[in-house]
Amino acid sequence: SLLVPLPSVPPSPALHTCQGLAPCLPEEGQVNTSGPRLLLATLHPASGSSAAMDRIFSTLLLSLLILLQSYGVCGSPPQPRGTLCRTKPTDLVFIIDSSRSVRPHEFEKVKVFMSRVIEGLDVGPNSTRVGVINYASSVKNEFSLKAYQTKAALLQAVRRIEPLSTGTMTGLAIQFAISRAFSDSEGARVRSPNFNKVAIVVTDGRPQDGVQDVSARARAAGIEIFAIGVGRVDMHTLRQIASEPLDDHVDYVESYSVIEKLTHKFQEAFCVVSDLCATGDHDCEQICISSPGAYKCACKEGFTLNSDGKTCSACSGGSGSALDLVFLIDGSKSVRPENFELVKKFINQIVDSLEVSDKQAQVGLVQYSSSVRQEFPLGQFKNKKDIKAAVKKMAYMEKGTMTGQALKYLIDSSFSIINGARPGVPKVGIVFTDGRSQDYITDAAKKAKDLGFRMFAVGVGNAVEDELREIASEPVAEHYFYTADFRTISKIGKKLQMKICIEEDPCECKSIVKFQTKVEDLINSLQQ
């Protein structure tokens with residue numbers, strides 16, 4: 001998951017600020033809060049699930065759309081102006097499977113995952129309390145909700161946990177959590193709308209006992225259950241455990257090595273946010289845009305956002321930016337046909353955000369797998385309609401993942417004058433991949449940046465983050481994006497749109513106001 005840090009702002013009476021990784025939440029009474037929740041993580045060591053890839057890929061496309069559509073009025077990006085998000089008081093119990101099928105280094109990954117979730121919480125006797133149950137053929141209470149009242153003490157206790165290395169009695173562990181871990185004697189608080197009761201269950205195989213009835217009892221007791229599967233997971237078991245709607249309560253990652261990337265999703269699950277724009281708790285002169293835990297200021301069409309991030313100035317004119325944009329799209333077999341259709345939708349949504357003409361934006365498209373194929377060069381199509389029609393006709397290549405060869409093609413051909421590139425016009429490449437490259441990328445990635453091309457790298461699922469960083473322009477943190485879980489991809493889009501527009505005169509870029517209604521409709525359509 002991608003954790004996007006919010007710039008710090010001076011506190012004011014209307015705002016709340018956060019410390020470190022901890023999310024924040026509005027004062028009691030500002031928002032309606034949901035009932036208790038239970039999170040289940042199920043881990044399996046083998047390779048991936050196609051359903052999870054669907055979810056990851058589709059949300060990534062949606063998020064990139066959001067980013068591209070959220071660029072500031074007249075080119076100035078909306079500035080984060082305030083935050084209001086802290087963790088809701090929660091009784092949190094981790095239920096950790098340490099059966100013999102969980103290798104020691106994999107169990108360490110689970111401990112890291114637990115630690116990262118704890119780091120994002122407000123820990124204390126009056127805020128969040130944490131306990132851990134370790135189970136295999138039997139259940140071991142590592143520590144109760146009342147055992148530790150500081151974050152440091154909890155993290156030390158997690159580091160001391162050792163695996164049990166026997167069977168997999170998941171149902172027994174859930175029953176133990178209901179009857180004992182969440183009892184008053186163990187430090188649990190009386191059920192109340194002001195508190196969540198949450199358990200995160202981590203298991204690596206099919207349970208040796210029943211989970212359906214005990215999970216139903218947990219839900220009937222007001223516990224909301226989230227299930228996370230890893231590798232060769234029994235999705236039917238996860239659905240028996242999870243709460244409705246299942247799309248919101250069942251998650252999947254492909255290996256232990258990426259479970260830590262779900263941390264931010266769980267931090268957000270504990271975060272309660274108020275809509276500061278709706279309540280009027282902002283200082284934007286013209287337009288206030290809400291986002292999770294914050295708000296941003298923007299301006300009406302024909303105005304540009306000033307450096308103070310809240311006031312607007314009238315633009316002097318401008319008809320759009322000159323830009324040569326080439327998509328470099330992974331068409332390998334791991335993407336799969338249905339996801340490739342989502343890639344095409346993603347490309348066309350970005351095209352919709354551009355002013356396409358000979359003097360403004362030009363778009364080119366290259367697909368690669370074991371070989372490289374130019375779908376159409378820069379300048380071949382002079383309007384959005386023709387570009388989008390050509391994208392829809394693009395056939396899926398399948399086969400391998402030769403990202404290095406594709407980057408070399410981008411340098412040698414896509415941005416050449418003979419293929420429509422214009423001298424002196426900014427060149428932007430968006431590389432989209434879902435896996436490790438099967439060839440060497442270092443030289444081509446370096447050359448692209450040395451030539452002044454602005455390179456964005458977007459990865460999903462099994463994409464290798466080191467490769468994404470190698471492709472991305474400086475500063476790398478602003479030019480590469482990765483997500484392992486589709487619900488976290490919404491953080492990607494709002495950065496990418498800001499950076500694709502390259503203009504000295506900020507009044508020459510698109511206004512977010514012009515697209516706001518359209519984007520909301522597109523988002524709703526993609527979500528459905």
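Accessible areas come from the Shrake-Rupley method with a 1.4 Å probe, and for residues only the protein chains shown count as cover. With that noted, I looked up the total for this predicted model. The chain has an accessible surface of about 21400 Å². Carbon and sulfur atoms own 50% of that surface.

**Ground rules.** I noted that this is a predicted model, where local features need pLDDT of at least 70, side-chain atom pairs count only at pLDDT 80 or more, and totals for chains, interfaces and linings use all residues. I number residues from 1 along each chain as its sequence is written, and side-chain values use heavy atoms, with hydrogens and water left out.

**Confidence.** I checked pLDDT, the predictor's confidence in each residue, from 0 to 100. The chain's mean is 75, and 70% of its residues reach 70 or more. Residues 485-491 fall below 50. Residues 502-517 are also below 50.

**Whole chain.** I found 16 helices and 20 strands. Both are DSSP runs, numbered from the N terminus: helices are H or I with at least four residues, strands are E with at least two. Of the 528 residues, 59% count as buried. Buried means under 20% relative accessible area, exposed over 50%, and partly exposed in between (1.4 Å probe, protein chains only).

I then turned to contacts, meaning heavy atoms within 4.5 Å. Among those between residues at least 6 apart in sequence, 78% join residues at least 24 apart.

**Cores.** A nonpolar core is a set of buried Ala, Val, Leu, Ile, Met, Phe, Trp, Tyr and Cys residues joined through side-chain atoms within 4.5 Å. The largest one here has 59 residues, and Phe94 and Leu407 have the most contacts inside it. Helix α2 (residues 104-119) gives the most to this core, with six residues. Domain 1 (85-271) and domain 3 (323-500) each supply at least three residues. Those bounds come from an automatic or database domain assignment.

Leaving aside neighbours within four places in sequence, its contacts include Met114, Val130 and Ile200. A second, separate core has 29 residues, among them Leu365 and Tyr396.

**Thr170.** This residue is found in helix α4 (residues 170-181). Why does Thr170 count as buried? Because its relative accessibility is 0%. Not counting residues up to four places away in sequence, Thr170 touches Tyr135, Val201, Thr203, Pro207, Asp209 and Val211. Thr170 and Asp209 are 39 residues apart along the chain, yet their C-alpha atoms are separated by 6.8 Å.
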